[in-house]
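Subject: Structure handover

Hello,

Please find the structure below. Keep it open while you read the notes that come after it.

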Amino acid sequence: MIKEVIVVEGRDDTVAIKRAVEADTIETGGSAINSRILKRIALAQERRGVIILTDPDHAGERIRKIIDTKVPGCKHAFIPEADATRRGDIGVENASPEAIRHALERVHTSFEGSESLIGLDDLLEAGLIVHPQAAARRMIMGNLLGIGYCNGKQFHKRLAMFQISREEFASALAQLEEGGTEI
């Protein structure tokens, strides 16, 4: 049984979570997240803690940001897009129980306002910004680090927010350079 309440987007996501682990969920009802749902999430965060596990797409990221802004201190779990895609449809409901368990094993807590241990010059040198393959490289690095895919500015922010160490960054970069795209 997972102590924290897992926040997902919809009923099919809850079904997928329950196939993978024993946990309680709160469904946002998609991207139209309202104040009533945010109050339930805040109460869950206060009493048990919250893990946000939204789809690895634009709408999922939007929901994640709204919750993280309104309910500070949430934990974040990310499923790589490749593990959450079936027949062109992206969503937690498409992930295997193993992919869900793996994401929940690699939860990160948000520390808003934290200084990044990795600078923009490190991202530039690693080919994660201003590089022809920067987006693809960030996707792999985001999966290796368990922080999901995002643009360069957001990637730098997540490195700070989740306090990714220089050692973690260097290890993931070494895997990337060796051609290791597996998580």
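Predicted model: local features only at pLDDT ≥ 70, side-chain atom pairs only at ≥ 80, totals over all residues.

Residues are numbered from 1 along each chain as its sequence is written, and side-chain values use heavy atoms, with hydrogens and water left out.

Strands

Helices (H or I, at least four residues) and strands (E, at least two) are DSSP runs, numbered from the N terminus. Buried stands for under 20% relative accessible area, exposed for over 50%, and partly exposed for what lies in between (1.4 Å probe, protein chains only).

Strand E1 covers residues 5-8. Val-5 and Val-7 point one way from E1, Ile-6 and Val-8 point the other way, and all are buried.

Two strands count as paired if DSSP finds at least two bridges between them. E1 pairs with strand E3 (residues 50-52) in the parallel sense, over three bridges. In that pairing, Val-7 stands opposite Ile-52 of E3. E1 is also joined to strand E2 (residues 25-27) by three bridges, and these two run parallel. Here Val-8 has Glu-27 in E2 as its bridge partner. Between E1 and E2 the chain passes through helix H1 (residues 11-20), and this β-α-β crossover is right-handed. Right-handed is used when, with the strands pointing away from the viewer, the path from the first strand over the helix to the second runs clockwise.

Helix H1

Which residues of H1 are buried? They are Asp-13, Thr-14, Ala-16, Ile-17 and Ala-20. Seen down the helix axis, the buried residues of H1 fall within an arc of 160° (taken from the directions from the axis to the C-beta atoms), so they line one face of the helix. Arg-11 and Asp-12, on the other side of H1, are exposed. The cover over the buried residues of H1 includes E1, E2 and helix H4 (97-105).

Salt bridges

A salt bridge is a side-chain nitrogen of Lys or Arg within 4 Å of a carboxyl oxygen of Asp or Glu. The structure holds seven of them.

One of these joins the side chains of Glu-4 and Lys-75 (2.6 Å, N to O). Glu-4 lies in the segment before E1 and Lys-75 in strand E4 (residues 75-76), so this pair ties together parts that are 71 residues apart in sequence. Glu-4 is buried, at 12% relative accessible area, whereas Lys-75 is partly exposed, at 28%.

Another salt bridge is formed by the side chains of Arg-158 and Glu-61 (2.1 Å, N to O). Arg-158 is in helix H7 (residues 152-161) and Glu-61 in helix H3 (residues 58-70), so the parts tied together are 97 residues apart in sequence. Arg-158 is buried, with a relative accessible area of 3%, and Glu-61 counts as buried at 14%. Glu-61, Arg-64 and Arg-158 are linked in a network of salt bridges.

Nonpolar cores

A nonpolar core is a set of buried Ala, Val, Leu, Ile, Met, Phe, Trp, Tyr and Cys residues joined through side-chain atoms within 4.5 Å. The largest has 20 residues, and those that touch the most other members include Leu-123, Met-141, Leu-145 and Phe-155. The elements giving two or more residues to this core are H6, H7 and H8. H8 gives the largest share, four residues. A second, separate core of 19 residues includes Ile-2, Ile-17, Ala-77 and Ala-95.

Two single residues

Contact means heavy atoms within 4.5 Å. Gly-142 lies in helix H6 and counts as buried, at 0% relative accessibility. Leaving aside neighbours within four places in sequence, Gly-142 is in contact with Ile-147, Gly-148 and Phe-155.

Thr-28 lies in the loop between E2 and helix H2 (35-47). Is Thr-28 buried or exposed? Thr-28 counts as buried, at 3% relative accessibility. Not counting residues up to four places away in sequence, Thr-28 touches several residues, among them Val-7, Val-8, Ile-63 and Ile-67.

Regards
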